[in-house]
Amino acid sequence: KVGSVLLTLKGNPNHLTTLNALAGKTVAAQSGTIQAQMLTALAKQLAAAGKPALKVLTFPKDSDALLAVQAGKAVADYVQLPDAAYTSKTAGNGSVYQTVVDPTAPGGYAPSVIGAGVVKSDTALTGAVQKALQSFIADGTYAKILAKYGLDGSAVKSAQVNQG
C-alpha cells in the first residue's frame with residue numbers, strides 16, 4: 001500500500017511533519033497527478049479554515065518539481081512514497097532530499113494497493129505468484145525488502161488476489 005508523502009531538502013529545514021504544516025508554504029507537484037489534485041483540495045480546506053494560504057506549483061515533470069525544491073521555490077515536492085524513498089536514497093548519494101512521512105499515515109496519504117498484473121484466465125500462475133509472495137511475507141523477506149528501500153510502512157499483511 002503506497003500513498004503520497006512530502007519530499008523536502010535533507011534535514012527538513014522547514015520542519016514539515018504533516019500536510020497541515022504546509023499552511024503558508026509553497027509546495028510542488030507534477031501536473032496532472034493525484035498529488036497535484038490533493039494539494040489543490042488541501043489549499044481550499046486550509047483557506048476555508050482561515051489558515052495561511054498554501055501555494056501549489058505544478059510542473060510537467062517531477063524532476064522540475066524537485067528542482068523547485070532545490071532552488072528554494074518550494075518547501076517540498078508531494079509525490080508517491082516509493083518515488084520519494086528512491087530519490088532520498090539516490091540523489092547526491094542520499095545527501096540532497098529527505099522523505100517526510102506522517103507517523104499517522106506510515107504508508108503515505110491516501111494509500112492504494114500496488115500489485116502484480118497476471119492474465120485473469122491463468123489461474124495457475126495467479127496461484128503460484130500469490131503463494132510465492134505469501135512465503136516472502138511469512139519468512140520476513142518481504143519486510144526486509146521494504147525496509148531496504150524505505151517502504152516499511154507500506155506493507156500488506158497477506159498476499160491476496162484482487163486486493164485493490
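User: What volume does the largest pocket have in this model?

Analyst: In this predicted model, the volume of the largest pocket is about 880 Å³.

User: Which residues line the largest pocket, and which of them lie nearest its centre?

Analyst: The lining comprises 31 residues. Those nearest the centre are Ile 114, Gly 115, Ala 116, Leu 133 and Gln 160. Each lining residue qualifies because it has an atom within 4 Å of a pocket point.

User: Which helices supply at least two residues of the lining, and which element gives the largest share?

Analyst: Helix H4 (123-139) and helix H5 (141-148) each supply at least two. The largest share, seven residues, comes from H4.

User: What elements make up the protein chain, and in which order do they occur?

Analyst: The chain contains five helices and six strands. Along the sequence they follow the pattern β-β-α-β-α-β-α-β-β-α-α.

User: What share of the residues is buried?

Analyst: Of the 164 residues in the protein chain, 35% are buried; each of these has under 20% relative accessible area. The chain as a whole exposes about 9,300 Å², and carbon and sulfur atoms supply 57% of that area.

User: Which residues have the most contacts inside the largest nonpolar core?

Analyst: They are Leu 6, Leu 22, Val 27 and Leu 54, in a core of 19 residues. Strand S2 (26-30), helix H1 (34-48) and strand S4 (76-80) each contribute at least two residues to this core, and the largest share, five residues, comes from H1. A second, separate core has 18 residues, including Val 5, Leu 7, Ala 74 and Val 96. In soluble globular proteins, nonpolar side chains tend to be buried together.

User: Which residues does Val 27 contact, leaving aside neighbours within four places in sequence?

Analyst: Among them are Leu 6, Leu 22, Leu 39, Leu 54 and Tyr 78. They count as contacts because heavy atoms lie within 4.5 Å.

User: Why is Pro 82 called partly exposed?

Analyst: Its relative accessible area is 26%. Buried would require under 20% and exposed over 50%, so a value in between is termed partly exposed. Pro 82 lies in helix H3 (residues 81-90) and, not counting residues up to four places away in sequence, touches Val 2 and Leu 151. Pro 82 and Leu 151 are 69 residues apart in sequence, yet 6.8 Å apart in space, C-alpha to C-alpha.

User: Is Ser 158 buried, partly exposed or exposed?

Analyst: Ser 158 is partly exposed, because its relative accessible area is 23% and the buried class requires under 20%. Ser 158 is placed in the segment after H5. Leaving aside neighbours within four places in sequence, Ser 158 contacts Gln 134, Ile 137 and Gln 163. The C-alpha atoms of Ser 158 and Ile 137 are separated by 6.9 Å, with the two residues 21 apart along the chain.

Definitions and conventions
Residues are numbered from 1 along each chain as its sequence is written. This is a predicted model: local features need pLDDT of at least 70, side-chain atom pairs count only at pLDDT 80 or more; totals for chains, interfaces and linings use all residues. Side-chain values use heavy atoms; hydrogens and water are left out. On a 1 Å grid over the protein atoms alone, a cavity is a set of points where a 1.4 Å probe fits but cannot get out, and a pocket is an open set with protein on both sides within 12 Å along at least five of seven lines; lining residues have an atom within 4 Å of a point. Grid points are joined across faces, edges and corners, and a volume is the space filled by probe spheres set on the points. Helices (H or I, at least four residues) and strands (E, at least two) are DSSP runs, numbered from the N terminus. Buried means under 20% relative accessible area, exposed over 50%, partly exposed in between (1.4 Å probe, protein chains only). Accessible areas come from the Shrake-Rupley method with a 1.4 Å probe; for residues, only the protein chains shown count as cover. A nonpolar core is a set of buried Ala, Val, Leu, Ile, Met, Phe, Trp, Tyr and Cys residues joined through side-chain atoms within 4.5 Å.
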